[in-house]
Amino acid sequence: MAVTTVISSVLANTAVVAAMIPAIVSWARRINISPSYMLMPLSFAAQLGGSCTLVGSSVCLVCQGATRYVWGKGGKDPNSEMGMFSNTPIGIALAIVVTGASVLFAGLLPSRSVTEAGGADEEVPGTRFVVSVTVQTNGVLTGKTVQETGIKRLPGIFAVDKQNCQEPVLVPSEEVHVSCSADGLVHLRQVRGFDLVNAEELMSLGTHRRRRRLFEATVRAGAPILAKDLTTDEMRRTYGACVVSARRPGQASPIIWRRFGLERLEGGDILLLEADQEYCNSAAWSKSFSLVRELQGSAPPRMGTPADGVRSVAVCIGMGLLLVGVGLNDLKYDWNFAYKHCHILIAAGVFLSLLLATRTVTPDTLYSTIRIDVLLTIAGAFGLGNALQITGVADLIAMKISELVRPMGRLGVYAA
């Protein structure tokens with residue numbers, strides 16, 4: 001909860017929760033506890049973190065305007081408004097209280113089994129793929145046993161076969177065979193410390209990872225993909241895809257897929273492909289595959305490349321400068337050149353430009369976050385607010401609250 005509270009104090013609550021849920025659910029499964037014990041406190045922590053800083057929640061920005069009204073009506077300095085960290089003491093106090101209550105009353109939270117929370121873990125006959133992965137050098141899994149990694153408890157994972165039997169723990173570059181369903185591979189790729197054995201082939205698909213997904217596809221009899229001379233480059237150019245694993249219904253021994261060309265494909269084989277979504281409706285796919293299913297949430301992780309490292313550093317520095325700039329905007333000192341010159345809207349615009357320049361987000365991603373229903377709700381709220389002002393209800397409520405909290409000082413006003 002502490003980590004989520006800190007992150008949520010500078011980022012949108014919804015984004016923080018959405019980003020943390022997969023990691024927390026995966027961690028809960030690996031340590032064999034119910035995810036429900038962590039997900040509800042996660043929501044509490046995100047809400048509390050948003051109340052710690054001015055940029056943590058849109059509600060705080062609304063309260064900033066309300067404090068101007070309170071101090072202005074009370075004869076105080078009209079510039080004495082809510083700053084970047086004005087409500088931090090209140091937010092921290094609430095976070096400590098709620099965290100303690102969550103720990104104390106954790107036993108009252110609903111307990112769902114790990115299997116129920118993430119889906120069925122039982123093997124369904126005929127759905128087993130074998131995925132070859134290697135242990136990353138200096139990765140987080142190096143030196144751990146298979147049991148300690150908790151991989152076997154992930155949904156859709158049936159067995160983990162360690163190839164180096166001489167060492168009880170995982171060693172760098174060791175190959176591990178994971179028996180899983182198609183959806184199990186999606187969960188496996190969220191585990192840090194493993195690389196697919198044909199990772200270089202996947203890198204050849206290009207940098208458009210946002211468009212790539214995992215697909216389960218059945219090969220047609222006599223399909224062009226069955227040609228003996230089909231190479232990895234032709235597979236990429238024609239299908240925009242790379243084979244991750246394959247299975248052959250009715251065959252007792254599984255297919256151990258390492259790279260394209262080593263295993264002879266047959267009609268009726270079922271492939272796990274990572275492919276660009278733009279190719280899926282092409283004529284080449286229609287000629288080679290009869291049934292195609294896109295796996296939900298299967299976009300490849302955006303990590304592991306030099307560009308990812310540079311992008312992460314740039315975003316962290318940009319976020320730090322945003323917080324420093326907005327914080328200095330409220331400090332009136334002779335040495336502070338940023339006083340009243342680094343408004344939150346300007347700083348946020350510069351930071352957004354940095355995100356676009358580093359391709360952390362794209363214009364399409366930004367447009368997809370615009371919710372028409374939310375905008376209409378906000379527009380309706382303006383109309384309601386005008387009605388409350390015209391009738392005098394807003395002034396009456398503001399006056400009563402001002403009279404009640406003004407004697408309590410700044411912290412009382414911010415808490416109200």
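Q: How many helices and strands does the secondary structure of the protein chain come to?
A: This is a predicted model, where local features need pLDDT of at least 70, side-chain atom pairs count only at pLDDT 80 or more, and totals for chains, interfaces and linings use all residues. Residues are numbered from 1 along each chain as its sequence is written, and side-chain values use heavy atoms, without hydrogens and water. Helices (H or I, at least four residues) and strands (E, at least two) are DSSP runs, numbered from the N terminus. The chain comes to 17 helices and eight strands.

Q: Which strands stand at the edges of the open sheet of four strands?
A: Pairing takes at least two DSSP bridges between two strands. The sheet has the order 2-3-1-4, with antiparallel pairing. Each edge strand has a single partner, so one side is left without a neighbour in the sheet; these are strand 2 (157-162) and strand 4 (194-196).

Q: Which residue is the bridge partner of phenylalanine 129 in strand 3?
A: Strand 1 (residues 129-135) and strand 3 (residues 175-180) pair in the antiparallel sense over six bridges. Phenylalanine 129 has as its partner in strand 3 cysteine 180.

Q: Is helix 12 roughly parallel or antiparallel to helix 13?
A: Axes are lines fitted to C-alpha atoms over the stretch in contact, and angles run from 0 to 180 degrees between N-to-C directions. Helix 12 (residues 306-328) and helix 13 (residues 344-357) pack at about 175°, with axes 10 Å apart. Angles under 35 degrees count as roughly parallel, over 145 as roughly antiparallel, 65 to 115 as roughly perpendicular and the rest as oblique. Helix 12 is therefore roughly antiparallel.
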